[in-house]
Structures are given as C-alpha cells and as structure tokens.
Amino acid sequence: MILAAQSPGFLSPSGVEIAFLLVGLVTLGAAVVTVTTRQLVHAALWLVVTLGGLAVAYLLLTAEFIAWVQVLIYVGSVVVLLLFGLMLTKAPIGRSPDADSGNRPVALAVALAAAAALVWVVVDAFRTTWIDLDGPAQGSTKVSGEILFRYWVLPFEALSVLLLAALVGAIVLSRKNTGEKEGPR
C-alpha cells in the first residue's frame, strides 16, 4: 500500500506531462487555424506556430537534435520558402474567395478518414513494441544521425529538390509576360 502511494500514476501527471499536453493543445489549435483561415499569409504564419509547437514537443521528449532540425529546416526554411512563393506569385494578401472551394464537408470527411487510418496504422504497428530503456536514448544525436543518414537520406534529398522546383516555379510564374517577342540580334 505504501509503495503504490509513492509512485506516480496515471492520475497524477508530472510537470513535463502537463506541459506536453498544453503544447499539444496549442499546436493542434494552430494547425486547425492554419487549414481553416482564408488568408494565405495568416495560414503561413499559423504554420510557423504549429511547427514551433512540434519543436517544443520534441524538446519535452528530450529529442533536442530533432527539435533543432525542426526549427532550422521547417520553421526556418520551408515557411520562408512558402512566404517567398506567396510574394513572388503575387498571391492576394487579404481574404480571397479563391481560397475556399466550398467543399468543406467533403474535406472534413477525408481528413477524419485519413486521421482514423493513420491512428489505426500507428497503433497496429507499435502494439507489441517494447522500448529498451537500458540502451542509448532514441532521441540522442548519435542515434538520430545514424537513422537519418542510413534510412532517410533519399527522401530528405528528394524533398530538397521538390522545394527547389517549387521556388523556381514561383519565380517563373511571377515574371511579367509583356507579350512582345524578341527580334533577332
């Protein structure tokens, strides 16, 4: 009886668990606002909050390397590339009627189905997985670096090529077409 009272249980969360829950709620709220706002620039800025919340969650999980990668690559690069793309393509700054197609019920149904499928796949994949607490920490720089450069190099490089193509496409779309043909020199 005394032993059970000394160990924290499910109903007595620690400060880190409470902070993780609060950060998760803020991140979820920012993600919902990101996809529901009708202003593109506001959506990009709410995406910064969402990705920053994920970085804080990684910090709370003691995965510092992944948290800094999240900040540097996603918050620092992807969002800046997105904002440059918005500026270069002369996207409307205010509310845009083109930003809403009127398919919100269908989009909500697809999102709920995708979320249910993702939860089912993750729960099924990790149902019998046990974490070895005596081994090296999974969020450490050494383990994360080995996993990143062994298994994720190709997708990482493919993403960088995709982002470069998006930037080049934004530049091509932003060029003014004067309609004049160049004559021979």
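A polar contact is taken here as a pair of N or O atoms within 3.5 Å; within protein, one atom must be able to donate a hydrogen and the other to accept it, and residues adjacent in sequence count only if both atoms are side-chain atoms. The structure is a predicted model, in which local features need pLDDT of at least 70 and side-chain atom pairs count only at pLDDT 80 or more, while totals for chains, interfaces and linings use all residues. Residues are numbered from 1 along each chain as its sequence is written, and side-chain values use heavy atoms, with hydrogens and water left out.

The secondary structure of the protein consists of seven helices and zero strands, where helices (H or I, at least four residues) and strands (E, at least two) are DSSP runs numbered from the N terminus. The order of elements from the N terminus is α-α-α-α-α-α-α. Of the 185 residues, 15% count as buried; buried means under 20% relative accessible area, exposed over 50%, and partly exposed in between (1.4 Å probe, protein chains only). The protein exposes about 14,700 Å², of which carbon and sulfur atoms supply 72%. Accessible areas come from the Shrake-Rupley method with a 1.4 Å probe, and for residues only the protein chains shown count as cover. Among contacts (heavy atoms within 4.5 Å) with a separation of 6 or more, 70% are accounted for by residues 24 or more positions apart.

Two threonines of helix H2 were examined. Thr27 lies in this helix, which spans residues 15-36, and its side chain reaches the backbone oxygen of Val23 at 2.7 Å. Thr27 counts as buried because its relative accessible area is 10%. Setting aside residues up to four places away in sequence, Thr27 touches Thr50, Gly53 and Leu54. Thr34 is also placed in H2, and its side chain reaches the backbone oxygen of Ala30 at 2.7 Å. With a relative accessibility of 15%, Thr34 is therefore classed as buried. Under the exclusion of residues up to four places away in sequence, Thr34 touches Ala43, Trp46, Leu47 and Thr50.

The axes of helix H3 (residues 40-60) and H4 come within 8 Å and cross at roughly 175°. H3 is therefore roughly antiparallel to H4. Axes are lines fitted to C-alpha atoms, for helices over the stretch in contact, and angles run from 0 to 180 degrees between N-to-C directions. Angles under 35 degrees count as roughly parallel, over 145 as roughly antiparallel, 65 to 115 as roughly perpendicular and the rest as oblique. The residues of the contact of H3 with H4 divide into 19 nonpolar, two polar and one charged. In this division Ala, Val, Leu, Ile, Met, Phe, Trp, Tyr, Cys and Pro count as nonpolar, Asp, Glu, Lys and Arg as charged, and the others, Gly among them, as polar. The H3 residues that meet H4 include Leu40, Leu47, Leu54 and Leu59, and those on the H4 side include Glu64, Ala67, Tyr74 and Leu86.

Leu59 lies in H3 and is partly exposed because its relative accessible area is 40%. Leaving aside its neighbours within four places in sequence, Leu59 is in contact with Glu64 and Ala67. Thr62 is located in the loop between H3 and H4. Most residues other than glycine have a negative phi. Thr62, which is not a glycine, has a positive phi of about 60°.

Phe65 is placed in helix H4 (residues 64-88) and counts as partly exposed because its relative accessibility is 27%. Phe65 and Ser144 are 79 residues apart in sequence and 7.6 Å apart in space, C-alpha to C-alpha. Not counting residues up to four places away in sequence, Phe65 touches Thr141, Ser144 and Gly145.
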